[in-house]
Amino acid sequence: MGKLGVVAATGGAVLVLALAGWMRPSVPAAQGGGTISGKVKFTGAKPAMPKIDMSEEPKCKAKYTAAPPTEETVVVNANGTLANVFVYVKSGLPATYMAPAPAGPVTLDQDGCRYHPHVFGILVGQSLAIKNSDGILHNIKAKGTKNRPFNISQPAVMTSDRTFTAPEVMVPLECNVHGWMHAWLGVLPHPFFGVSGSDGSFTIKGLPPGTYTIEAWHEKYGTQTATVTVAGSETKTADFSFAAK
Amino acid sequence: MQDTTKGKAVYVKWCAGCHGDGGAGDGRAAAHMLPRPRNFTGAVYKIRTTASGQLPTDADLMRAIDDGLPASAMPAWKGRLSDAERRDVAAYIKTFSSFFADTSQHVAVLKFSSEPSGGTGANALKTGRQFYDSIGCRKCHGDQGRGDGPSAPTLKDDAGFPIFAADLHQSWRFRGGGSTVDIYHRLRTGLDGTPMPSFSDLIDQKFLTDEQLWRLAQYVRSLSPPEPPEVQDVIHAPQIAGPVPASPDDSVWGRVGRYWFPLVGQVIRKSRWFAPAVSGVWVQALHDGRTLALRVSWDDRTQSPDSAWLGFEQRVLETVAGDDSGPPPPKAQPWPDQLAVQFPRHLPESPAAMERPYFLMGSETDPVYQWRWTSTPRRSVAGLARGIERFDTLPGVVAGQARFDHGEWRLVFTRALATPDTANEVQLEAGRAIPVAFFAWDGSSGEHGSRMAVSTWYFLALDRPTPPGVFISPVLAMLVTLGLGLVVVRRAQGGRRGTVRAGRQR
């Protein structure tokens, strides 16, 4: 009985651990789960973005051969949709939900005296690799209020790593050497976010079944929300529409 | 033991007027200030010994409270509040932000090395200057360090208020202290809440060595005088063989002592001005027995009007409230830079008399005689001021030659010592204490009319030609003193042998 008991206990423990691992909501399956996708429409007159005068930075200016660079506060796509809208699950997950940070970093590149990407997301604890591809002085200032703000200097081609400790939508990032350089970082405890791209679409994948409040955030036009219920591995659509102001 | 209840009492009494009841930096007086009082709710502090993004240490907070922040409205509280009161108020200030209670916050003083020697040597300064250029300090602080870099007019702090890149020629005004060590610490920590970043990553990633960063700090320190300027009351104008230099860049000026006169905002008459851009003027003077040359130099980030700074000017005007119940802020305009030198019309009858006209541009009944220079159109005029509002030019001439060079104006006024219009124009007599005062306007900071920086009365003294006796009499005096001293010593020594007693008996 003794030997059998040990085997049974061990097996039971393994089973419990495996179950615990399987049931942990913090590790969404890479495949499977629900998907929310949609488009961000834009109505009204497309605002003209101011041109950026980069004559103080010839290295950056030289990177714009086709057309002079403009500010990116409002980027309306060719198909009439709005880019750079951060769409994320605002509520509907357990309050204590905290996904482990992925091992790989999110990269923010300073290239041509602009940030790439302009709007993006990161998980709490995940590394943000701040890269200077320009090789001229940039400072990177993060102006969070739930996260500690910081301001670091990068006068050369180099990469600095930073992490964020608390969910915050959004943390403004800016360069003070080049007053036109702005980026926006959404810090979340989960990976359920997307950014509308050059076709205006976004996708949030791998959602556990549930009813969610989805928020769409734009730096000029503010926020909108939608409620979406997903079950199993179905794909639901949530479209948003922002109007010119 | 820190007591936040007692700390609150101290705070309400002494701090809330500027920093606000809730610590948001929005007290009653805050609207008149630039830089604004600290907002404690975000726990973001400029002057720390910790990495950028970290909370300050208790010692960092105590330093700001004890010593104040130079060139801001924050005074030093050491001596005004007891040790316990200052500790308690520091503890209370921390309660405005939840970050201080968050035990996951990492607070560690950075590992600072000590300053390498040779910091004032040519090689050290050359290395420092190389890094000043290569890591882009000039972008904000300018080629010569006067805060006039190409990015300077765009700078804002985290609250969106306009902020000046520091003038590196005035280390006594640095918020975190003006020593080389202070500068090195600021380079390592950055000034959180401002555009000034931390350069620690560069050392961590070996883009530059710790010693090279020290050399940069030493170079920055070398731009300011070794000691903060001391205000003296009298400008001595030596007499030279002549003629006096009319150019501000004449080599003669390099051999003449210069005097620093601090300026403050004009807050007496409406509309008041609480954010003077020109913190002071350096003054030198010379004469040749017929003509006076007065050289005034001052730091000014802009050669106004400068269209690149119009946006900055607008933000300054919107940020700094003038009068408590005044009109809305004026619109930014392309004002010129201006400088005025003021004298009484006459010297007092008796040299001992001290009566002078009202320092703030005289009055209707007792006007003052002024030289006024403007940058655009470039001209100098003499005239009578009867208060701030009224200025009437006189036909008598004063010549002015000015040069703007990397954030510095250098201006030389020349005028005959004696003029025909003795009723209105001060006669510059050698050997007299001639009252003099200064006024400055930076057009690109919105300064015009009553929005200006002012000084009080000081004196100008034209030295008489030095009679040979001046050189001989000190020598004579020394010899006499030496002789008398010897006599005294002799007699004292003699006293031990009874000579003094003998003397008394005589």
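Author: Two residues are in contact if their C-beta atoms, placed from the backbone, lie within 7 Å. This is a predicted model, in which local features need pLDDT of at least 70 and side-chain atom pairs count only at pLDDT 80 or more, whereas totals for chains, interfaces and linings use all residues. Residues are numbered from 1 along each chain as its sequence is written, while chains are lettered from A and ligands numbered from 1 in the order in which they are written.

Reader: How many residues does the contact take from chain B and from chain A, and how do those of chain B divide into nonpolar, polar and charged?

Author: The contact draws 25 residues from chain B and 20 residues from chain A. For the classes, Ala, Val, Leu, Ile, Met, Phe, Trp, Tyr, Cys and Pro count as nonpolar, Asp, Glu, Lys and Arg as charged, and the others, Gly among them, as polar. On that basis, the side of chain B that touches chain A consists of 9 nonpolar, 12 polar and 4 charged residues.

Reader: How many helices and strands are there in chain A?

Author: Helices (H or I, at least four residues) and strands (E, at least two) are DSSP runs, numbered from the N terminus. Counted in this way, chain B has 12 helices and 14 strands, and chain A has 2 helices and 17 strands.

Reader: What percentage of the residues of chain A count as buried?

Author: A residue is buried if 20 or more other C-beta atoms, placed from the backbone, lie within 10 Å of its own, exposed if 12 or fewer, and partly exposed in between. In chain B, buried residues make up 43% of the 506 residues. For the 245 residues of chain A, the buried share is 38%.

Reader: At what angle do the axes of helix α5 (residues 122-134) of chain B and α9(B) cross?

Author: Axes are lines fitted to C-alpha atoms, for helices over the stretch in contact, and angles run from 0 to 180 degrees between N-to-C directions. Angles under 35 degrees count as roughly parallel, over 145 as roughly antiparallel, 65 to 115 as roughly perpendicular and the rest as oblique. The two helices are therefore roughly perpendicular to each other, since their axes come within 7 Å and cross at roughly 100°.

Reader: How do the residues of the contact of α5(B) with α9(B) divide into classes?

Author: From α5(B), the contact includes L125(B), F131(B) and Y132(B), and from α9(B) it includes R215(B), L216(B) and Y219(B). By class, the residues of this contact are 6 nonpolar, 5 polar and 2 charged.

Reader: Where is M170(A), which a cis peptide bond joins to V169(A)?

Author: The peptide bond from V169(A) to M170(A) is cis, with omega near 0°. As for its place in chain A, M170(A) is found in strand β10 (residues 168-174).

Reader: Is N84(A) buried or exposed?

Author: N84(A) is not a glycine, yet it has a positive phi of about 65°. This residue lies in the loop between α2 (58-61) and β2 (86-91) of chain A. Because 24 other C-beta atoms lie within 10 Å, N84(A) is buried.

Reader: Is A423(B) buried or exposed?

Author: A423(B) is found in the loop between β11 (408-416) and β12 (433-441) of chain B. Its C-alpha atom is separated by 7.6 Å from that of H346(B), 77 residues apart along the chain. Because A423(B) has 7 C-beta neighbours inside 10 Å, it counts as exposed.
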